Every structure is written in C-alpha cells, then in structure tokens.
Amino acid sequence: MCGIVGYVGSRDATPLLVNGLRRLEYRGYDSAGVAIQENGGLEIRRAEGKLDNLVRVIAERPLSGRSGIGHTRWATHGRPSEQNAHPHVDCGAVTAVIHNGIIENFHDLKAPLVEAGHRFSSETDTEVVVHLVEQELAQGRTLDEAALRVLPQLEGAAALAFISVKDPGKIVAARISNAGAVIVGYGEGESFIASDIPALLEHTRRMSFLDPGELAVVTATGVTFRRLEDGAPVEKAVQDIQWDLVSAAKSGYKHFMLKEIYEQPRVVSDTLIGRVERESGRVAFDDDLKLTDAQVKGLRRLTLLGCGTAGYAALAGKYLIERLARIPCDVEIPSEYRYREPVVVPDQLVVALTQSGETVDTLAAMQEAKRQGARLLSFVNVMGSQATRLSDDVIYLHAGPEISVASTKAYTAMLVDLYLFAIFLGQRRGTLGKEKAAKLLADAFHLPTLIDALLQEEPRIRALAYRYHQARDFLFLGRGMNYPTALEGAHKLKELSYSHAEGTAAGEMKHGINALIDESLPVVAIALQDSTYRKMRSNIQEVRARAGVVIALASDGDEEIEGQADEIVRVPDTNELLSPALAVLPLHLFAYHVADRRGNDVDQPRNLAKSVTVE
Ligand code: BG6
C-alpha cells in the first residue's frame, strides 16, 4: 500500500511533494523518495525509514523544479533501503517511475532487458518498468504513448506514475488494478496526482478518480484521460470532495478497523499472488524462503509461536500442517516459551507469527529457540522488522499496513499463508496428492469472492451486535479448524468491547463450562457443515436445554439448523481447512459493532497497544 503524489505547475514541486507524502504517512511505509524534472534535468532524492530522513537528504542536497513525483514505499520485493526506494530511473536517469503494487512477472520482463544491456540498481520489481519505458521513448514516442505500450505487459501491478526529461512538464499516471487508487487534483494553473485524498485536500477539492485500466496525462494546463487497452480518450467526471483529512485517511470508513476488514478481499488476493507455480501447481514462496526441499523432508517437529490474535493463527496452523504435511506441531505462548527452558530437537523448525515483527515476547522466544539451534521461519507483515532480521526464512503477509490495534486483515492473511505453507510442506513431503492440492488451491483463489459476499452481511451482524451489546459475558464455541476461530472471536470481543468473553473447545462444555449457561449468556457457536457439524449441533442443544441464547454461524446451504438457534449468521461454503478465514469475519464485525455501539474507541482500545515492544 505505497503512497503516490505528483505535481506539475508553476510552484516549486519539492515541498509540495514532501507535504503530500506526509499526508499519506498513516498508510505505513519503510522508505520514501522524490523525483523532480526541470530545464532538461531530472534529479531524485531517496531515503530509508521515515520521511524526516528524506527531508534531511533534501536539505543536504536541495533540488527544485516545477514538476515531480513522490513515493512512500511499503516494501514487498526487496528489503527497505535507499536503493530499493522509489522513484527508480532508467539507464540515462532521464525518466523516473513510482509504483504501488506487485509486478508478478517482473522476472520474465527483466531477463531480456539485462540481455539488452540495461543496468539495474535495485532488487525491486518496479525498476523493470522504467527500462521498458526507456526503450519506447528511444523510439521517439511520447511518455503516454510509451506507457500505453508498456503497461499491458505487466501482471499484478496496481498503479504507476512517470515523469521524463524527454516529455517535460508532464506526469503520466495509470491505474491498472483495483488495488491501485490514482486520483487527479485540479488547481489553478497546476495539477496534482495522489494515491489517496488526504494528499490533495489542502490544494483542491476538485478531483477525478481513475478506474482500473485508465491512464491520466497531467500537465499544468489540464488533464486528459486515456484507456489502457487501446489508448482511446476517456471522459472523467470532476468531483467536489468535502471530506475532512481524518475521514479521508480512513477512506470514509468510521474506523481504520472497518476499513481494514473491507480490505480483506484484496489482501487475500495479494497474499496469493506469485505463490502458486502455474505449470506444476506447487506452492512456492518468494526468495526470502531458503528452506530447501531436502530440509523440508527432514523436518521432525514444528513449534508455532504467536501472541494474541497471532497465537490463534498459530493454533490453526498446527491443525493445517498436521493434517496436510503430517509433521508434529506444538503451539507455544511466547511469553511462556521464553522462560520455561524449552527443549529444541535437531531438525526442528520454529515458526513465529507476528504482524508487526516487533512483539518483544515473540522475539525473545525466537531468540531462545535460535540459541538452542532451531531454524527460524517467520510470517511477518512489516518488512525490515526485527523478526525478519532474526529469521532464516520469512513469509510476508502482504496485508498492507494494519493501523487498528485489533488485528483483522493480518490475521486472515496469516490463515491463508499458513494454509499455503501446509500445502507447500505436504507437496514436498509427499503427503499431499496433486489433485487434492489443486482443489485446495482453487478454493483459496475463490476466497476473495466469498469474503466479498460475506461482507454484504454486515447490516445483519450490526443489528445482532446492537441486540446483544449490553450482555456482560459471552461464550464462543468451536471445534476442529474453528476452535481457534472461537478463541479469536472471544479475544476480539474482549479487547474491543471490554466485556468478558471466553472461547472454548465445544467438547469441553461438559467438563465445567456448562455451569455458566443461563438465559443471560449469549453463546456464539460455529456450526459449519464440516466434520464437526453433528457434534456442534449437540452442543447447541445442550446450551438451549439450559435456556442459553445461541447465535449460530451456519453454512449457507444448511436448512436443518433453521429453528435450532436463536440467531443464525450464514457463512459461504468452502473447504473445512480454509473455513476459518471466512468464519472469523462475522465475529470481527460483531466485536466491532458491539464496541462501537458502546461508544468505545475502536481503533485504540483502552490499555492496549498495536505492538507490545517492551516487557
Ligand atoms: C497485541 C495486539 O498487542 O499484539 C494484537 O493487540 C496482536 O492485535 C498481538 O495480535 C501480537 O502482535 P504481532 O504484531 O506480534 O502480531
């Protein structure tokens, strides 16, 4: 989720670009840069880390000009560093590009460019694009003509912007896929572009929004639009945007948490990009995973670690990996593991799940395992975080920055990545046949559509949350793959609504939990039509026999459950192993609306932090 800004007009672009990037800081980033084009020259300044570092670099080596582009990078390919920061320039340093998204086929595109003698200075996928544009400009084409010929070659990209000395005073910006917003701002004798509204609001409220497959040709005197597929002119409405800055950062959602819940279809798509080899159907992770097939075959034990929500993902990972790869797995609470003098055996892999990559308990547990000789693999969202530096292998979540303290999209990304990882292990250990793997992967690629459909249920879940928002206690029941889902549902409700909520394995009810059941206790039961369905139906009967109130999560096609629960929330059908990534959605929305109805600060719950980096 990188940030893009651009300016062309009569003012000095540099300060305008930097301020625009500041307005996009909430999106999270790990490096930043600007490119300024003036009087036949093009200059770039870039810096790793926060914008203040870029400001310092610009102060040391000032640059100014009347047109330019700027970028904050959320790294996906290539670690955070100055040379991986955008903008990237071509061999002659006369054209610059900035990019948001992932170019899935950049390896295929890069090879012939290297053959042709192009010199690359970064390990990013983005740099390929500016060398392709360089080749088109060398044929005497305009910058927009060049872009129209290059962009259709890219797979998976989202949004890009270019400037060039060869076509001065012009920015060319394109939105390729849904993920990459590109907005044009109209000023008096000046024009702007940005990836999000907050970067434009102080200059103008008159904006046009590119749709996927559109390109904008931006000059100080005006903007024209063209269709990517054939270059045909496109008419775009000019809208008058009345948002204030804060609501703009949330894209109009009331809270970052809700925005992040709604980003999940794209997050799951981004999580899957480039992870299944087309020909073989094998799962393969990018170059931060160095685990060899031989090492996978030799693994004797996995230990999965995670705090809070990440810990529930770890539990789901245990079920997935034991089911598909038949490797013994244990799940550990990091703050316990680090002090209990754990035993590490040869050929053990310790797997850490951590969105921030900075949770001190998780890091300490990783260090303890490493000290005893374990190999470390971590699932992390934030590139360059400590966990990524500590690990031998890293699988990135590609969830984009998660601002809300309560983790939602990162949790879903962990579930999908663990699902892929279990398939990855099973394929290499010969415990998972080709057909079954293909079916499991087909279901994963269908998941974004199902999440979209399930999100339509929000009004129904909001009504449910309002009906039960005064209850002081809640119980969440689940079995099998959705036992972790029950734990996560209770966790979310606790951390957001400040109500007590307990998640438990439904089979444990008769060993004590039944004592809690009465008409004041809403019980959320996850009863999807999978291998645990019959048992869950009995548990629901047990609750209702004691006058308990049952809110059942049920499969779309389940008619039997009608009349068997006080409330029913429908969940689309998918395979049992993938169902936690769907079943958790209504529970996140339920917790969100109970908390919101209570007037709690949803994004910053009391006493909690997004990442606990201190003891
Ligand atoms: C807690 C957060 O502080 O840390 C949870 O409130 C999160 O949402 C947990 O799951 C672990 O954080 P991380 O960054 O290690 O996944």
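These questions and answers walk through a predicted model. Local features need pLDDT of at least 70, side-chain atom pairs count only at pLDDT 80 or more, and totals for chains, interfaces and linings use all residues. Residues are numbered from 1 along each chain as its sequence is written, and side-chain values use heavy atoms, with hydrogens and water left out.

Me: In what order do the five strands of the open sheet stand?
Reply: Strands here are DSSP runs of E with at least two residues, numbered from the N terminus; helices are runs of H or I with at least four. Two strands pair if DSSP finds at least two bridges between them. The pairing in this sheet is parallel, and the order is β22-β21-β23-β24-β25.

Me: Why is one side of β22 and of β25 left without a neighbour in the sheet?
Reply: β22 covers 500–505 and β25 covers 567–571. Both stand at the edges, so each has a single partner strand.

Me: Which residue in β23 stands opposite Leu-477?
Reply: β21 (residues 473–478) and β23 (residues 522–527) pair in the parallel sense over three bridges. Opposite Leu-477 stands Ala-525.

Me: At about what angle does helix α17 run to β22?
Reply: α17 spans residues 483–497 and lies across β21, β22 and β23. Axes are lines fitted to C-alpha atoms, for helices over the stretch in contact (heavy atoms within 4.5 Å). Angles run from 0 to 180 degrees between N-to-C directions. For α17 and β22 the value is about 175 degrees.

Me: How is α10 oriented to α14: roughly parallel or roughly antiparallel?
Reply: The axes of α10 (residues 308–325) and α14 (residues 409–429) come within 9 Å and cross at roughly 25 degrees. Angles under 35 degrees count as roughly parallel, over 145 as roughly antiparallel, 65 to 115 as roughly perpendicular and the rest as oblique. That makes α10, relative to α14, roughly parallel.

Me: Which residue in β6 is the bridge partner of Val-89?
Reply: β5 (residues 88–89) pairs with β6 in the antiparallel sense over two bridges. The two strands form a hairpin with five residues between them. In β6, the partner of Val-89 is Ala-96.

Me: How many residues of β6 are buried?
Reply: Buried means under 20% relative accessible area, exposed over 50%, partly exposed in between (1.4 Å probe, protein chains only). β6 covers residues 95–101 and is mostly covered. The buried count is six of its seven residues.

Me: How many bridges join β6 to β7?
Reply: β7 spans residues 157–164 and runs antiparallel to β6. Ile-98 stands opposite Ala-161 in β7. The number of bridges joining β6 to β7 is seven.
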